[in-house]
Amino acid sequence: MHAASLTVDSPPAATVGIIGAGQLARMTHQAGIALGVDVRALTPRPTDPAVLAGAAVQLGTHDDLDALAALARGCDVVTLDHEHTPPDLLDELVAAGCCVRPSPAAASFASDKLLARRALARAGFPVPAFTEAPGGDPDAIEAVEAFARQHGWPVVLKAPSGGYDGRGVELVTHRGELDASRLAATPGRLLVEEAVPIAAELAVLIARRPSGWCATYPLVETVQRDGICHELVMPARVPTQIAHRAARIAKSLADGLDVAGILAVELFLTTDDELVVNEVATRPHNSGHATIDATATSQFENHLRGILDWPLGDTTLLAPTAATVNVLGPDHPVDLRRSLPVALEDPRVRVHLYRKAHRPGRKLGHVTCLAPSHDEALDAARVAAAVLTAP
């Protein structure tokens, strides 16, 4: 029999275009392999994490309509790796007949913090007191001072768009610090918030189909330093009634935004046990990385299922607890060829590396451990992460 006669036409179960090719696109591509889903990622850099993992690449930028249209051609649905694409360009794709999920309206909710704050407040969701201030000294300083006189110091300054991993966020504790604020001196809009007294930082991930079916993951507790998520535990170390309240908030938001795919809702638990919505993301999220190993269906697989309107997978936790520690680039060079085998000596840990170029403070990967207790899971994940970044 000739080899040619063995050739079988095997089309993908679906083709998904992702705007962006970072670690989230990489892990979404990895989830798609098992489902027979082809992923095509839009990026100007063929060395981005998703491309290095085998995703097809469409060269171009997220703010170029022609590149976006080229990505969408042949795709069943287009989704997002980040919030940087202008919503009006997503609207153009929809007008041209492309299926974009999350919708441009839901995506803009995640990309514009001021828009989100106003919408959340109008809908009655608990949010910190806030106001909009004009950027650029002295107008911004005057507006922030007026807000602080009403709500007290410290205050939180946020750029309405473009910020992540601590960028675009400043905690200003008194008037003197305001003079030196980079954000207050930058022209443009500024979101000014009261600094709520935080007992814990939490996150809820919920997967949703366009038809309305939802699957909610166990509540996650995150540890943030300098605006960057360093570690998380699942389930969160909070009373059951708080977890139920958080899930209800996430479900209401997912339905209200008509989300398709993953919605991540970041929450503050205040010192008087109130829940306050901090931010939302209409895509897979760092707070859900533990789901790859710790739940029956990862957030990345359920994002694909949700945007394709396929049945959602089980979100049950597979162990009493799970912990994830992010691997952040240290100030010194790292040698993963040497350190990775050492980290893997603990059979309880799972290592996920993103193939990103080393830079101090950059997320290079994460480590997850499942264990009978939070402390045991965290200790093992911390040790493995430290080994990976040792000099």
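Residues are numbered from 1 along each chain as its sequence is written. Local features of the predicted model need pLDDT of at least 70, side-chain atom pairs count only at pLDDT 80 or more, and totals for chains, interfaces and linings use all residues, while side-chain values use heavy atoms, without hydrogens and water. Helices (H or I, at least four residues) and strands (E, at least two) are DSSP runs, numbered from the N terminus.

Four strands form an open sheet in the order S3-S2-S1-S4, with parallel pairing; two strands pair if DSSP finds at least two bridges between them. The edge strands, S3 and S4, each pair on one side only. S1 and S4 run parallel and are joined by four bridges. Ile18 stands opposite Thr79 in S4.

Helix H5 (residues 104-111) is largely enclosed by the rest of the structure, because seven of its eight residues are buried (under 20% relative accessible area, with a 1.4 Å probe and protein chains only). Among them are Pro104, Phe109 and Ser111.

| Element | Residues |
|---|---|
| strand S4 | 77-80 |
| helix H4 | 87-95 |
| helix H6 | 113-122 |
| helix H10 | 240-257 |
| strand S14 | 275-281 |

Helix H3 (residues 65-72) packs against H4 at an angle of about 45 degrees, with their axes 10 Å apart. Axes are lines fitted to C-alpha atoms, for helices over the stretch in contact, and angles run from 0 to 180 degrees between N-to-C directions. The contact is made by Leu65, Leu68 and Ala69 of H3 and by Leu89, Glu92 and Leu93 of H4.

Definitions and conventions: Buried means under 20% relative accessible area, exposed over 50%, partly exposed in between (1.4 Å probe, protein chains only). Contact means heavy atoms within 4.5 Å.
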